[in-house]
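Trainee: I'd like to learn how charged side chains pair up in a protein. Could we go through an example together?

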Amino acid sequence: MQDPKPRALDAVLFDFHGTLAMTVDPIAWVTAAAADCGVSLDRGRATVLADRIATAGGLPGVAKPSRIPPQLAEAWANRDLYEQSHREAFIGLAATVPCEISGLAEAIYARVETPQGWQPYPDALPTMSALYAAGVKIAVVSNIGFDIRPLLAAWGLIGLCDAIVLSYEVGCVKPDQKIFLRACAQLGVEPERTLMVGDTPADAGAAAVGCAALIVPSAPCGKANGLHRALLLARAGNAQAAPP
């Protein structure tokens, strides 16, 4: 029997940071990292330290540094291509901030590799679950230098994914066309029947290979960011690029 409501799309590709999840509040992040080092920070000291480290670029995903020290230039350029470069770049940037807490830069980085360093957007699980139930294939496509599978597993998202395509594993970063084509190939779908959902112009680069693109607005931790629009596009109607 023919499906009376055929899908407009066969697959949805989701960016990770800023789309499915966001790093936790910088003050809470630095406070927890200091506690991991055996130091208790009061709110005032934690606020100042978090601001300085964020400005230096030492909190992955919070802010890009205005200046890269020469000794970290190569690591920064390759941060999404190699695990070691990712680690070296962010620990090195955090360590440029004078601090009396031994091992703080390493502790800050360690937390970004755990679910405790992130908070999934509240509409991530409902949207992905509905797409999965509708038979739409799902991939996570991320520019990142470490394995996010344990994070996705902790949030109940890994079982909804048909593919995980990470830049450091495939050797290319968005908006390089190869990463989008790799994702579509792993899903066994045509780009023209695929939607890329992200929060940056790099994600919109998927349009160059024929994918539709949905750019969701930046939202603070804990707030819905419009991922439900991916479900609306996939289920019916127009599979053209959608505005945020």
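This is a predicted model: local features need pLDDT of at least 70, side-chain atom pairs count only at pLDDT 80 or more; totals for chains, interfaces and linings use all residues.

Trainee: Which residue forms a salt bridge with arginine 193?

Mentor: A salt bridge needs a Lys or Arg side-chain nitrogen within 4 Å of a carboxyl oxygen of Asp or Glu. Here the closest N and O atoms are 3.1 Å apart. The partner of arginine 193 is aspartate 10.

Trainee: How many residues apart in sequence are the parts that this pair ties together?

Mentor: Aspartate 10 sits in the segment before strand 1, and arginine 193 is in the loop between helix 9 and strand 6. The pair therefore ties together parts whose separation in sequence is 183 residues.

Trainee: Is lysine 174 buried or exposed?

Mentor: Buried means under 20% relative accessible area. Lysine 174 has a relative accessible area of 6%, so this residue is buried.

Trainee: Which aspartate forms a salt bridge with lysine 174 at 2.8 Å?

Mentor: The 2.8 Å is the distance between the closest N and O atoms of the pair. Lysine 174 lies in the loop between helix 8 and helix 9, and its partner in the loop between strand 1 and strand 2. That partner is aspartate 15.

Trainee: Which helix holds arginine 149, the salt-bridge partner of glutamate 169?

Mentor: The closest N and O atoms of glutamate 169 and arginine 149 are 2.9 Å apart. Glutamate 169 lies in helix 8, while arginine 149 belongs to helix 7.

Key:
Residues are numbered from 1 along each chain as its sequence is written. Side-chain values use heavy atoms; hydrogens and water are left out. Helices (H or I, at least four residues) and strands (E, at least two) are DSSP runs, numbered from the N terminus. Buried means under 20% relative accessible area, exposed over 50%, partly exposed in between (1.4 Å probe, protein chains only).
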